[in-house]
Amino acid sequence: MAGAAPALQVRRRRWRRVAAQWPTILLLGVLWMLLWGTIAWGTFVSGALLGVVVVTVLPLPPVGVRGAFRPWPVTVLVARFGADLVVASFQVAWTALRPGPQPRGGVVAVPLRPAPDVLFTMTAELSSLVPGSLVVEVDDEAAVLYVHVLDLAGSGGPDAVRAQTLRLEERVLRAFASRADLTRAGLPASRTATAMPPELARARTERAQAPGVGEIEHRGGDGKHPRAEDRP
């Protein structure tokens, strides 16, 4: 009986650790859905159960990432992402089947807002899961995503691609970022005033105009990429 007490205490500490990491488990469930490309409760539950196994068998030290889980913004994020998947699928199918010249693709640099690494990664993953777009390179130090677009003109041009990616990032931050991170990213708690602070907007503009951070275009056809050139 004397040896049973320490074992019971170990089990209790393990369950307390699992209960304290419920945001991580929920996030792992969401990431599991993103990896499978399926928005379904069964996929989320299986990912959450896998997250319980991960935090129980392979416990990691806390990384100090503050976050939140806001049900309504999460619902908006999932619903809008599902709609984007449907619309983009039809657009890619039409691009592949329509007669005429081959569409002109390109790589667009998208400077993002300052955010925790996990939310930066989530934005990149969601951008890559939408048909017709793929994140080909990430500059985590400058918070820049390089997004390849199948049909640059059909997507509205580089500015439209940047605006769409920034709106996706805003939905991710409003769903999971802490209030302090929202303030640092220039996103007020209320959506009535979403203007970015002047200093943050100026910093993003300087990053977008820096050498190597711009629109990089290429024409398809022979499978080869000509020399990339930065365009203002």
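Trainee: In which helix do Trp41 and Phe44 both lie?

Mentor: Good place to start, and keep in mind that this is a predicted model. Trp41 and Phe44 are 3 residues apart, which is about one turn of the helix. The helix that holds both of them is H3.

Trainee: How many aromatic pairs does a search of the whole structure find, and what kind of pair do Trp41 and Phe44 form?

Mentor: The search of the whole structure finds 3 aromatic pairs. In the pair of Trp41 and Phe44, the ring centres are 6.0 Å apart and the planes stand at 85° to each other. Planes over 60 degrees apart put a pair in one particular class, so the name for Trp41 and Phe44 is edge-to-face.

Trainee: What kind of aromatic pair do Phe69 and Phe176 form?

Mentor: Their rings are 6.1 Å apart, centre to centre, with 50° between the planes. Under 30 degrees would be stacked and over 60 edge-to-face.

Trainee: Which relative accessibility does Phe69 have, and which does Phe176 have?

Mentor: Phe69 counts as partly exposed because its relative accessibility is 38%. Phe176 is buried, and its relative accessible area is 8%.

Trainee: Where is Arg66 placed, and which residues is Arg66 in contact with, leaving aside its neighbours within four places in sequence?

Mentor: Arg66 belongs to the loop between helix H3 (41-57) and helix H4 (71-97). Arg66 counts as exposed because its relative accessibility is 54%. Its C-alpha lies 9.2 Å from that of Phe176, although Arg66 and Phe176 are 110 residues apart in sequence. Beyond its sequence neighbours, the contacts of Arg66 are Ser178, Ala180 and Asp181.

Trainee: How much space lies in the second largest pocket, and which of its lining residues are closest to its centre?

Mentor: The space in this pocket is about 540 Å³. Altogether 24 residues line the second largest pocket. The closest to the centre are Gln91, Val130, Pro131, Ser155 and Gln164.

Trainee: Which element gives the largest share of the lining of the second largest pocket?

Mentor: The elements that each supply at least two lining residues are H4, strand E3 (144-149) and helix H6 (158-176). By class, the lining has 11 nonpolar, 9 polar and 4 charged residues. The largest share is 7 residues, and it comes from H4.

Trainee: What is phi of Ala143 near?

Mentor: Ala143 sits in the loop between strand E2 (133-139) and E3. It is buried, because its relative accessible area is 14%. Most residues other than glycine have a negative phi. Ala143 has a positive value, near 55°.

Trainee: What separates the C-alpha atoms of Val52 and Thr24?

Mentor: Val52 is found in helix H3, and Val52 is partly exposed because its relative accessible area is 27%. Val52 and Thr24 are 28 residues apart along the chain. Their C-alpha atoms are separated by 9.1 Å.

Trainee: To zoom out, which percentage of the residues of the protein chain count as buried?

Mentor: The secondary structure comes to 8 helices and 4 strands. Among contacts between residues at least 6 apart in sequence, 66% join residues at least 24 apart. The chain exposes about 14,200 Å², with carbon and sulfur atoms supplying 63% of it. Of its 232 residues, the share that counts as buried is 35%.

Notes. Residues are numbered from 1 along each chain as its sequence is written. This is a predicted model: local features need pLDDT of at least 70, side-chain atom pairs count only at pLDDT 80 or more; totals for chains, interfaces and linings use all residues. Side-chain values use heavy atoms; hydrogens and water are left out. Buried means under 20% relative accessible area, exposed over 50%, partly exposed in between (1.4 Å probe, protein chains only). Contact means heavy atoms within 4.5 Å. Accessible areas come from the Shrake-Rupley method with a 1.4 Å probe; for residues, only the protein chains shown count as cover. On a 1 Å grid over the protein atoms alone, a cavity is a set of points where a 1.4 Å probe fits but cannot get out, and a pocket is an open set with protein on both sides within 12 Å along at least five of seven lines; lining residues have an atom within 4 Å of a point. Grid points are joined across faces, edges and corners, and a volume is the space filled by probe spheres set on the points. Ala, Val, Leu, Ile, Met, Phe, Trp, Tyr, Cys and Pro count as nonpolar, Asp, Glu, Lys and Arg as charged, and the others, Gly among them, as polar. Rings of Phe, Tyr and Trp (its six-membered ring) pair if their centres lie within 6.5 Å; planes under 30 degrees apart count as stacked, over 60 as edge-to-face and the rest as tilted.
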